[in-house]
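Please open the structure in your viewer and keep the selection tool at hand, as this tour moves from one selection to the next.

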Amino acid sequence: MKHGARTHGLLAAAALLAGCSYQPSLQHPKLPALVPIETTMDCRQIDHAIDRADTVRWVIRDDGGQLETSGEKAARYTGNFFLVPLTMLGGAPLYVRDGGHAVLNAADGRIRQLLQLKRDHGCPPRPTTLPGMDDLALLRELEALQQQFDAGQGDEAALFRERTRLLDGLRVVPAATAAP
Amino acid sequence: MRYGTDIRSVLAVMLALLSGCTTQSYAPTTDVGTLELKIEAGDEIRVVTMQRERLSFEVTEVRGDRFVGVTVEPNRKELRPAGETVEVPFDELAMLEVTRFDSTGMGLAAAAVVVTVSAFAVVLGAVPVVPLPAGP
């Protein structure tokens with residue numbers, strides 16, 4: 001019990017630090033899931049939509065956005081349970097934010113859906129910055145990760161790290177402005 | 001009468017505190033979607049292009065397929081100096097943030113303040129905030 005409380009405390013501190021490293025330079029929009037009309041896009045339009053979503057995702061990552069595991073989320077909620085009332089007494093309520101998880105997760109989801117649409121339409125693959133991997137091969141890796149995640153297999157943090165690494169490398173961009 | 005003056009003062013302060021400006025961020029997916037944002041000449045917007053360039057500018061003209069404007073004082077992570085003329089095709093736009101006066105929101109907020117303060121005034125037995133029409 002004591003050990004659990006300590007772990008929770010450490011996770012709350014980690015969540016707080018993660019929240020600090022996330023500093024949006026402008027408001028990050030939450031990208032929507034694909035809507036039926038978008039499934040009629042041709043290959044050029046799909047690639048364009050992928051690049052758009054990838055740019056939004058890059059901004060979130062460049063501003064420090066990270067995915068949050070369920071443990072970190074629980075710790076954040078616990079921390080906020082105490083932090084909000086305490087700071088409210090001082091007149092300025094504070095709370096630990098999700099470190100960009102919600103917007104990043106939405107961007108990741110939209111990109112995955114667009115890549116699936118691209119594969120379903122038989123569009124030609126494009127190179128990524130990851131050695132020996134095009135975007136459709138990257139999709140296969142993403143789907144394998146998602147399957148593990150949905151089945152509750154593997155370490156959630158490790159799965160998120162791998163997903164982030166893959167998607168950070170999706171688009172070939174000039175080195176000077178590469179994702180963090 | 002004194003309560004009425006006090007309440008009017010509170011009302012004025014609350015309305016002043018409620019800023020009518022709102023900042024909204026968008027990720028339009030089509031040119032039509034960008035046009036539907038109703039960005040106009042004079043609006044100051046911040047955008048991120050698909051080349052991953054961030055810039056803030058005041059819109060001077062909205063064409064059918066692009067924004068034309070002049071850059072303003074750069075925000076964090078923006079590289080272009082103020083005073084440059086820029087053209088941003090809608091096709092190149094990944095994100096857009098605009099700050100503008102929100103008359104609808106302001107109206108609703110004002111109505112909420114009037115109703116709340118009036119309710120307090122009624123409960124406290126003060127004079128009505130909104131002057132009543134004179135009787136016949």
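Begin by selecting chain B and colouring its buried residues, which make up 32% of the 136 residues in this chain. Please keep in mind throughout that this is a predicted model. With chain B still selected, show its surface: the accessible area comes to about 8,000 Å², and 62% of that area belongs to carbon and sulfur atoms.

Now switch to a cartoon view of chain B, where you can find three helices and six strands. If you follow the chain along its sequence, these elements come in the pattern α-β-α-β-β-β-β-β-α. How much of the contact within chain B, counted at a separation of 6 or more, is between residues 24 or more positions apart? Such pairs account for 56% of those contacts.

Next, bring chain A into view and select the residues where the two chains touch: 23 residues of chain B are in contact with 25 residues of chain A. The area buried between the two chains is about 2,100 Å², and carbon and sulfur atoms give 51% of it. Within this region, pick out Met50(B), Arg52(B) and Met95(B), which together supply 37% of the area that chain B buries against chain A, more than any other three residues.

Stay at the interface and look for charged partners, for there are five salt bridges between chain B and chain A. To see one of them, select Lys77(B) and Asp63(A), whose closest N and O atoms are 2.9 Å apart. Across the whole interface, 18 residue pairs are in polar contact. On the chain B side, select β1 (21–26), β2 (44–49) and β6 (93–101), the elements that each give two or more residues to the side touching chain A.

For the last stop, move to chain A and select helix α5, residues 135–150, which has 16 residues and reaches 22 Å from its first C-alpha to its last, close to the 22 Å expected at 1.5 Å a residue. What caps the N-terminal end of this helix? It is Asp134(A), with a side-chain oxygen that lies 3.0 Å from the backbone nitrogen of Leu136(A). Leu136(A) is itself one of the buried residues of α5(A), which also include Asp135(A), Leu142(A), Glu143(A) and Gln146(A). Finally, go past the end of the helix to Gly152(A), which follows α5(A) and has a positive phi, near 70°.

Terms used
Residues numbered from 1 in each chain as written. Chains lettered and ligands numbered in written order. Predicted model: local features only at pLDDT ≥ 70, side-chain atom pairs only at ≥ 80, totals over all residues. Heavy atoms only, no water. Helix = DSSP H or I, 4+ residues; strand = E, 2+ residues; numbered from the N terminus. Expected span 1.5 Å × (residues − 1). Buried < 20%, exposed > 50% of the residue type's maximum accessible area, 1.4 Å probe, protein only. Polar contact = N/O pair within 3.5 Å; in protein donor to acceptor, adjacent residues only side chain to side chain. Contact = heavy atoms within 4.5 Å. Areas by Shrake-Rupley, 256 points an atom, 1.4 Å probe, with all protein chains shown as cover. Buried area = accessible area lost by both parts, 1.4 Å probe. Salt bridge = Lys/Arg side-chain N within 4 Å of Asp/Glu carboxyl O.
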